[in-house]
Structures are given as C-alpha cells and as structure tokens.
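Good morning, and thank you for coming. Please look at the sequence and the structure on the screen before I describe them.

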Amino acid sequence: MDKPEKLMIDGKRLDGRSPEELRPFKIVAGALERADGSAYVEMGNNKVFAAVYGPREMHPRHHALPDQAVLRCRYNMAPFSVDDRKKPGPNRRSIEISKVTREALEPVMFLELYPRSVIDVFVEVLQADAGTRTAGINAASVALADAGIPMKDLVSSVAVGKVEETVVMDLFKEEDQWGTTDMPIAMIPRKKAITLLQMDGHFTEEEFKYALDLASRGCTQIYEAQRQALKEKYTMRKEEE
Ligand code: CDP
C-alpha cells in the first residue's frame, strides 16, 4: 500500500478510532486441546495463538540450569500472515521478538520452583497487522496461567506511538509503517512495572510520559480481559464436571 496522504482526519484515525482507543480485541484461554496451556488473541486484525508445554525435562540436557527452569519462547510468523509471503523459519526479527517475549514474561514466573526443567512457549502469528509481539505476549501470559504454572501476576502488552503529531494507542499496520513513532510496552498492570519497552522513532519528554500513561491504560483494559478469559475457561470446566 502507498503512503496515505493523511493518517489523521479531524482527530480520528484511518480506521475510525480516537487516539486513545484500543482496536477491538478478543482473548480466549485454552484454545488448543493438545498443549498444557494455550490462548488465542485477536488485537484488531492480528490473530495469534500461544501454546505452552511444561515444566518438563529439558532437552538437550546441557541447556538445563541446575537451580531454575528455563523459559524458552519461540515467536513464529506463518508464511500467509503478511501481505508478501514470509519465508518460513526463524530470522533476525523473530529471534529478537522471541527474546523480548521471554524477558517480558520472566519477571512474573517462579522459575526457581523447577530446577533443570524447561517451560516452552510457542507464539504463532496467523495474521499480522502491527503489534504482533504485544498480541503474542498477551496470549503467552494467558497460556502460561492456563497451563496452571504458578505466576505472580499476568503480563499485558500494547504498542503506543505517534502518528503525525498525535500520540496514539495500539497502532495498526499503516500507522506502524507510516507513523513517526512505535513503542511496544509490556507491563504488570497492578504493579505498574514495565517488563518490555522498545521504541522506534522519537517523542518529546512530555509525549513520552503521556504515551506511557496511555500504554498503562491500554494494558489495564487488556489485563481485565485476560483475567476474564481465564475465569470463563475455569467456569466452563467446572460446569462440565
Ligand atoms: O508486529 P510487531 O509490530 O510487533 O513488529 P514489527 O517488526 O514492528 O512489524 C510490524 C508489522 O509489519 C507486523 O505486525 C506485520 O504486519 C508487518 N510485517 C510484514 O508485513 N512482514 C514481515 N516480514 C514482518 C512484519
């Protein structure tokens, strides 16, 4: 797509949202039968699954740590998830996103409970529309809880940024591509602790502070939906018994 002439029209964004609005989102806990824990997340046009296995024995053994579990995250994009077919397999971008996903989640885990083991987190992006790392972190967080792995809290994530001169919540593809700034953030909303913060582009100090506040509000909304998704899964399970 060519660069649109304007990304904001009369204070509204090209998809009709106000600057402070999240895209419509959906979070389902336990979306896959075979994994120990799983989740499905839509944030706008992003469609992402997360599957968790473990804690289980680490293979290869020499990757195990004597005093804690290893959290092993793999972010992967399906070839059909983007406009131009993506070559299957890992690349620099996916390796980087896998690493920051792990680092965003580690602060809420009790890895010391499971020495010599591994907890595997697979994030599979089926459809991408900017912010896939944030959708992946939201899904992974719910999938870990769904697997029954003890956690201090959930991690919630959203990107904020700047489009033309306006600070906006949850950028979609055109804004990510043609906007001034993209700043994905992950938080433990109840603690207001930040576990991921990356930034492309620029902000003034004032804009940065406002963007952080916007991200915090977005993460809180997502956090409520993550908790609701887990509650629904366990209410359903109880009813089935
Ligand atoms: O997805 P996220 O915003 O976390 O990461 P990004 O590297 O900033 O990518 C932004 C968007 O570019 C992705 O969500 C995709 O929609 C798109 N993209 C693409 O079209 N082809 C790729 N090989 C990688 C990304």
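Strands are DSSP runs of E with at least two residues, and helices are DSSP runs of H or I with at least four residues, both numbered from the N terminus. This is a predicted model, in which local features need pLDDT of at least 70, side-chain atom pairs count only at pLDDT 80 or more, and totals for chains, interfaces and linings use all residues. Residues are numbered from 1 along each chain as its sequence is written, and side-chain values use heavy atoms, leaving out hydrogens and water.

Five strands form an open sheet in the order 3-4-5-7-6, with mixed pairing; two strands pair if DSSP finds at least two bridges between them. Strand 3 (25-29) and strand 6 (70-77) are the edge strands, each pairing on one side only. Strand 5 (residues 46-57) and strand 7 (residues 117-127) run antiparallel and are joined by 9 bridges. In strand 7, F122 is the bridge partner of A51.

Next, the peptide bonds. Most peptide bonds are trans. Which bond joins G54 and P55? A cis peptide bond joins them, with omega about 0 degrees, and P55 is placed in strand 5. The bond from H59 to P60 is also cis, with omega near -5 degrees; P60 lies in the loop between strand 5 and strand 6.

Finally, K192 is not a glycine, yet its phi is positive, near 55 degrees. K192 is in the loop between strand 10 (181-188) and strand 11 (193-197).
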